[in-house]
Amino acid sequence: MDERSAHGVPVGGRLEKVQRAIAVRRRRRTMAGAAAMVATLAVVGASTVALSGKPAQFAPGSATLPAGEPTVSPSAGEPTVSPSATAKPVAGRKIGPFAEYSRSYRVVAVGTAPVSARKVTLTWAVNSTDVRFLSYCPGLPSKHLSLDAEIAINGEPAAISMNCLSELHQDPTGSESGVGVSVGDTVTVTYTVTGAQDMKGAGRRLPTIPTQGTVHFAVAEKVPFTQYPLPARPARLEPPKPDGMAGEPGTRVVHSDRADPNKAVSITMPWHRGYDFTVVPQTPGIYGVSVNGVAVLTGEVYDYSGNGPNASCQVKRNDQGFCVPELQSVRDGDEVTVTVTAQHATGPWLAELRSQWQD
């Protein structure tokens, strides 16, 4: 999808509307915030999964882990073990400091080393090429300190840069490319600290890399929705409620079928080239929105928080660009069919739909 944005600053009442819309998006986009701490190769929309529990225990120097356990490399030189592709999902378990399952991904390999070593190396048995890399650096001299790092696969730079802080995050960011691995490969991944920055105020690059602290590095693979351990279902589910977007002119609110939440729901509405779509689910599932059969939004939800996927694309009325190339034949003002779909939903959902251009 080639999204286009209008330029310029809105004024007057339009500014208030845009600010209100931004506030709505911020509430819905649970994948924002500290996501810059994580590099990812592929990502889909998902809401937060609350994971907790005791860390998995491993005997020091042991090369034998239970079947299906991720590869764990506590420090340089210690043996690692390849994970099984048939691991049993366990909700709430941690692998080292990381939640094993988070936002549709599963941690499959972990390595740890002191910051003074400047390098963490681990072995990754590839079961999926849809992955994320995670890092966490507790014990740094300052909470404002950030370590710069680069990743290499089998000694070859992967064109992926990361930052590491003393806060633990497992949120996805924009996609990266250049890993060049295949399912079935067993590869060596090296995480190398290349510099440090003081992020306080305007920020500045430090002349030396600190030696205090620990680097934790992990590889997480995408898992199918049906293999992801979901949290316990609440005893009572509140009906989904529209947010501030529902009060905006032109917004249509559609609800799931009462008898079957996995039944697709369609409406017709005038097309104004841009769009703003949000799904508000009450249960985990895979949710999507299409326009005239062309998918413009899909997202996986793994909890009961009510936070779901959203997509927004605005273009100038006279701009020649289009949000979705496949829809460029649709003329301004034409009626289009917008369809909301759900898979694996076990409760109600609603969707807020609007087609708009940016004035």
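A salt bridge here is a side-chain nitrogen of Lys or Arg within 4 Å of a carboxyl oxygen of Asp or Glu. Keep that in mind for what follows, and remember that this is a predicted model. Going by that rule, you get 9 salt bridges, and the structure also holds 8 aromatic pairs. Here's a quick tour of some of them.

- Arg-204 pairs up with Asp-198 in a salt bridge, with 4.0 Å between the closest N and O atoms.
- Arg-204 counts as partly exposed because its relative accessibility is 49%, and the exposed class starts over 50%.
- Arg-236 and Glu-238 also meet through their side chains, at 3.0 Å from N to O.
- In that pair, Arg-236 is exposed at 63% relative accessibility, while Glu-238 is partly exposed with a relative accessible area of 43%.

- Asp-276 and Arg-354 form a salt bridge, their closest N and O atoms sitting 3.5 Å apart.
- This one ties together distant parts of the chain: Asp-276 belongs to strand β16 (residues 274-281) and Arg-354 to strand β21 (residues 349-356), with the two 78 residues apart.
- Both ends fall in the buried class because that means under 20% relative accessible area: Asp-276 comes in at 2% and Arg-354 at 6%.

**A salt-bridge network**

- Arg-93, Glu-100 and Arg-106 are joined up in a network of salt bridges.

**Aromatic pairs**

- For ring pairs, the things to look at are the distance of the centres and the angle of the planes.
- Among the 8 aromatic pairs is Tyr-101 with Tyr-228, an edge-to-face pair at 5.5 Å centre to centre and 80 degrees between the planes.
- That pair links distant parts of the chain, 127 residues apart: Tyr-101 is in strand β5 (residues 101-102), and Tyr-228 is in the loop between β13 (214-222) and β14 (252-255).
- Tyr-101 is buried at 3% relative accessibility, and Tyr-228 is buried at 4%.
- Phe-133 and Phe-217 make a stacked pair, with 5.8 Å between centres and 25 degrees between the planes.
- Here too the partners come from distant parts of the chain, 84 residues apart, with Phe-133 in strand β8 (residues 131-136) and Phe-217 in strand β13.
- Phe-133 and Phe-217 are both buried.

**An aromatic cluster**

- Tyr-101 and Tyr-228 turn up again in one aromatic cluster, together with Phe-225 and Tyr-302.

Methods:
Residues numbered from 1 in each chain as written. Predicted model: local features only at pLDDT ≥ 70, side-chain atom pairs only at ≥ 80, totals over all residues. Heavy atoms only, no water. Buried < 20%, exposed > 50% of the residue type's maximum accessible area, 1.4 Å probe, protein only. Helix = DSSP H or I, 4+ residues; strand = E, 2+ residues; numbered from the N terminus. Phe/Tyr/Trp six-rings, centres within 6.5 Å; stacked < 30°, edge-to-face > 60°.
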